[in-house]
Amino acid sequence: MMLADQDVVKRPLITEKSERAREAAQQYAFEVHKDATKIQVKSAVEKLFSVHVTAVRTSVARGKNKRVGRNLGRRPNWKKAVVTLKEGETISLFEGA
Amino acid sequence: MKIEVETVSPVEKKVTVEVDPERISQELDKAYSGLGRRVKLKGFRAGHVPRAVLERNFRDDVEKQVVDSLVNASFGEAVEQHALEPVASPRVDVAEPGLVAGQPFRYSARVEVKPRLEPRDYRKLEVTRREPQVTDQMVSDELTRIQESLSRLVPVEGRFDAQLGDYAVIDHEGTIAGQPFEGGKAEGVTVKVEPGDLTAGFLPQLAGVKLGDSVELDQSFPADQGFEPLRGKTAHFKVTLRELKSRQVPALDDAIAKEMGLPGVETLEALRARIREDLEKREAQRAESELKDAVVKAALARNEFEVPPAMVERAIDVMLQGAFSRFARQGIDPRQLELDVPRLRADLREQALLQVKGALLLESIADAEKIEVGEEDLQAELARMSGEMGIPLAKLQQQMRGGSARGALMNRLREDRALAFLTSEATLKSQA
């Protein structure tokens, strides 16, 4: 399936967990397209941020059940990708300014 | 921290401050750790946001806040160390490059200060004192005023045509070029049949007109007439005479005294005595305040000095506020008066300048003469005020617990003392 790079990588995830992984192992977390493969994520991140990706790990986060009054609803599932960069490389989007 | 103070003018200082890098990083640490505890960011538990993330999101805010607190603290220290007496908030100018970690932080602040005065030649001032005088003429003028204020309009009986000097109740209907205009028609308006202008309530044309009859007249209005549709126009009025009244002034006798309703005043003689007494009190007060003004002016004439503009502006503010609250107490909304505030301020400036100068000079004289005001003086003054204003002493003491009100009263007492001292030292010339 053809996906543009911008459609593959949806947004950076900046959380306590991702910050720790970033500082410890140059791992950057993103929310990615649900149908994107690891290979697509790798090439999209490399092109968008001009870096070299050495590993990609993905997981599908299950949407939570939410109740609004007496209506039950479910948030959509989404895919998370944790990308490991080559030694010494960074993505400035996460580092700030 | 390095602090340098330059004197720009007697009433303005320039303070240049350099804050050490250590102090800056301390302040920054404090600011971020405080912020970290408060702030809630998505993806982080409260209190677990790393400093780097905080810096990324809130750097500008935090730095501004740290600059403010550094300036406040260090300016306060500068004021204390160099015994400055600022009278307005400083104008702060942060030097390049602003707040950078590991580098000293520099800023300069210009501030208006109370000038230090060396009062001279304030003894043996020559002042003319006006003796308070109450003449019989003044008393009878006051009586006439009372008579006027108690006069009534009563219907004229046995006469049906208007004469000069009458008050007439009329209906009128006005037109401009044949067209009625707003406010042109009214019923039951009272005017005076006397030479003069209609706009001021005089209508001489009514003389000789019978009750129920009408006259027609033209009235032109000036271009600066307050009511806009009439400006520069000539209106035609049809005026119908409805009622005639005359003014009845009560005779000067014991009845008028009783009507005044003053306790203990039953006869005309008593009223006269009371009026004289009041006038004497008022005159004495006036002479006293004139004397005080004259003493201050005389002292100022021998002492030339500069005054910080901020103090003058503040004095004007106080005056305007006083005027506004007086209006408010009378039930007038100052906003409805459409006052020209900038012009009012300009008009008050001279008076305010005199007031500020006087206060500064008196203060410096009090310093020079070691005039001090103690706690018992304050209490005595409070007791006097409580008697004068009819406020319980305890309530006044309560109000005075606040530092600024107390300080202001102390200052006023000290000024009064200094003024009394000047007056006692002055050479008074009497003038009838």
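How much space lies in the largest pocket? The largest pocket holds about 1,200 Å³ of space.

The structure is a predicted model, in which local features need pLDDT of at least 70 and side-chain atom pairs count only at pLDDT 80 or more, while totals for chains, interfaces and linings use all residues. Residues are numbered from 1 along each chain as its sequence is written, chains are lettered from A and ligands numbered from 1 in the order in which they are written, and side-chain values use heavy atoms, with hydrogens and water left out.

**View 1. The largest pocket and its lining in chain B.**
The lining of the largest pocket consists of 28 residues, and Gln355(B), Val356(B), Gly358(B), Ala359(B) and Glu415(B) are those nearest the centre. A pocket is an open set of points on a 1 Å grid over the protein atoms alone, with protein on both sides within 12 Å along at least five of seven lines, and lining residues have an atom within 4 Å of a point. Two or more lining residues come from each of α5, α6, α7 and α10 (403-425) of chain B; helices (H or I, at least four residues) and strands (E, at least two) are DSSP runs numbered from the N terminus. Helix α7(B) gives the largest share, nine residues. The lining comprises 13 nonpolar, five polar and ten charged residues, where Ala, Val, Leu, Ile, Met, Phe, Trp, Tyr, Cys and Pro count as nonpolar, Asp, Glu, Lys and Arg as charged, and the others, Gly among them, as polar.

**View 2. The crossing of α6(B) and α7(B).**
Helix α6 (residues 309-329) and helix α7 (residues 341-368) of chain B have axes that come within 7 Å and cross at roughly 115°. Axes are lines fitted to C-alpha atoms, for helices over the stretch in contact, and angles run from 0 to 180 degrees between N-to-C directions.

**View 3. The crossing of α3(B) and α5(B).**
The axes of helix α3 (residues 136-150) and helix α5 (residues 268-302) of chain B come within 10 Å and cross at roughly 115°. The two helices α3(B) and α5(B) are therefore roughly perpendicular to each other, a term for angles of 65 to 115 degrees. The contact includes Leu143(B) and Ile146(B) of α3(B) as well as Ile275(B) and Leu279(B) of α5(B). By class, seven residues of the contact of α3(B) with α5(B) are nonpolar, none polar and five charged.

**View 4. The second largest pocket, with lining from chains A and B.**
About 990 Å³ of space lies in the second largest pocket. Of its 35 lining residues, Arg11(A), Leu13(A), Thr15(A), Trp78(A) and Lys80(A) lie nearest the centre. Elements giving two or more residues to this lining are α2 (16-25), β2 (27-32), β3 (53-61) and β6 (78-85) of chain A, together with α2 (51-81) of chain B. Strand β3(A) provides the largest share, six residues.

**View 5. The largest cavity.**
One cavity of 30 Å³ or more is found in the whole structure; a cavity is a set of grid points where a 1.4 Å probe fits but cannot get out. The largest cavity contains about 40 Å³ of space, a volume being the space filled by probe spheres set on the points, with grid points joined across faces, edges and corners. Its lining is formed by Leu362(B), Glu363(B), Ala366(B), Asn411(B), Arg414(B) and Glu415(B).

Terms used
Parallel < 35°, antiparallel > 145°, perpendicular 65-115°, else oblique. Contact = heavy atoms within 4.5 Å.
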